[in-house]
Amino acid sequence: MKTQNQNYTMNSAEPFYFAKGRIGALLVHGFTGTPKEMLWLGKFLLDKGISVAGIRLAGHASQPSDLVRMRWHDWLISIEDGLNSLAPNCDEIFIIGLSMGGVLSLISAARYPIKGAVAISTPYEMEPDWRMNFARTLSIVKPRVQKGKPDTVDSETLVWHRDYPFYPTRAVAEFLDLLKIMRNSLSEIEIPILLFSSSRDRLVPEEGVNKILSMIKSQDKKHVLFHKSGHIMTEDIEKDQVFDLVYSFIKTHSSLS
């Protein structure tokens, strides 16, 4: 007899694909997050005539033990899978990422044939902590790092949000490697770039975002600073402004009419 309700993917955290026009947007969630972080943005862009793929990064939206087995290149492979899913139906593709998704978006901007990239709440580096230099070794005795209290302002979103309840220490080590790759990639970016951050985001200080901006080679680059949202800007109280600016960026740098 068939067993019901045994999906590995977390409930309501599934990846999504909305086909519409010949302009495509790849939406990339954050570290320990899920595609649901990008769902409202995806529906907004769909209404604007843009095809959307909200991918699930390898090891995410299932259970934390899956993330422990992942390496940074598995997340880049997830990006390539998403781009390949959009390519047959889209002439121009943009990538929009949140947090680690923003890190992956900037790496992608230096590697893949995309039209532009948007990086939201994207760190330049982790907060200084000597223990992070030994994260792989520490993961044996300290397999998880507890998360702080969410800084999301919209209380309804906190109920709706889906993610892992802690950071697997072994996965943190891979994230640190990914950040190094991003920093080394910034000077190779020549396509249009849009950065969003919030002054309330304790994980992404403004000086780090300014470092990212200064290192990007492209002359077509911009940073927009918000002041009311928390880290997950795609789900917080300024999300409508973020969505409008994302759409304006895509419209400006594509053949979208």
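This is a predicted model: local features need pLDDT of at least 70, side-chain atom pairs count only at pLDDT 80 or more; totals for chains, interfaces and linings use all residues.
A charge sits over a ring if NZ of Lys or CZ of Arg is within 6 Å of the ring centre and within 35 degrees of the ring normal.

Lys-36 first. Lys-36 lies over the face of Trp-160, 4.3 Å from the ring centre. Now Lys-48. Its ring is Tyr-247: Lys-48 lies over that face, at 5.1 Å from the ring centre.

On to rings with rings. How many aromatic pairs are there in the whole structure? A search finds eight. Take Phe-16 and Phe-18. Their ring centres are 5.2 Å apart. Their planes meet at 25 degrees, so this pair is stacked. Phe-16 is buried, with a relative accessible area of 12%.

Next, Phe-196 and Phe-226. Here the centres are 5.8 Å apart and the planes stand at 70 degrees, so the pair is edge-to-face. This pair links distant parts of the chain. Phe-196 is in strand β8, residues 193-198. Phe-226 is in strand β9, residues 221-226. That puts them 30 residues apart. Buried or exposed? Both Phe-196 and Phe-226 are buried.

There is also a cluster. Phe-31, Trp-75, Tyr-167 and Phe-175 form one aromatic cluster.

Last, Tyr-8. Where is Tyr-8? In the segment before β1, which covers 16-18. Tyr-8 is exposed, with a relative accessible area of 71%. Leave aside neighbours within four places in sequence, and Tyr-8 is in contact with Ala-61 and Ser-62. Tyr-8 and Ala-61 are 53 residues apart in sequence. In space, C-alpha to C-alpha, Tyr-8 and Ala-61 are 8.3 Å apart.

Terms used
Residues are numbered from 1 along each chain as its sequence is written. Side-chain values use heavy atoms; hydrogens and water are left out. Rings of Phe, Tyr and Trp (its six-membered ring) pair if their centres lie within 6.5 Å; planes under 30 degrees apart count as stacked, over 60 as edge-to-face and the rest as tilted. Buried means under 20% relative accessible area, exposed over 50%, partly exposed in between (1.4 Å probe, protein chains only). Helices (H or I, at least four residues) and strands (E, at least two) are DSSP runs, numbered from the N terminus. Contact means heavy atoms within 4.5 Å.
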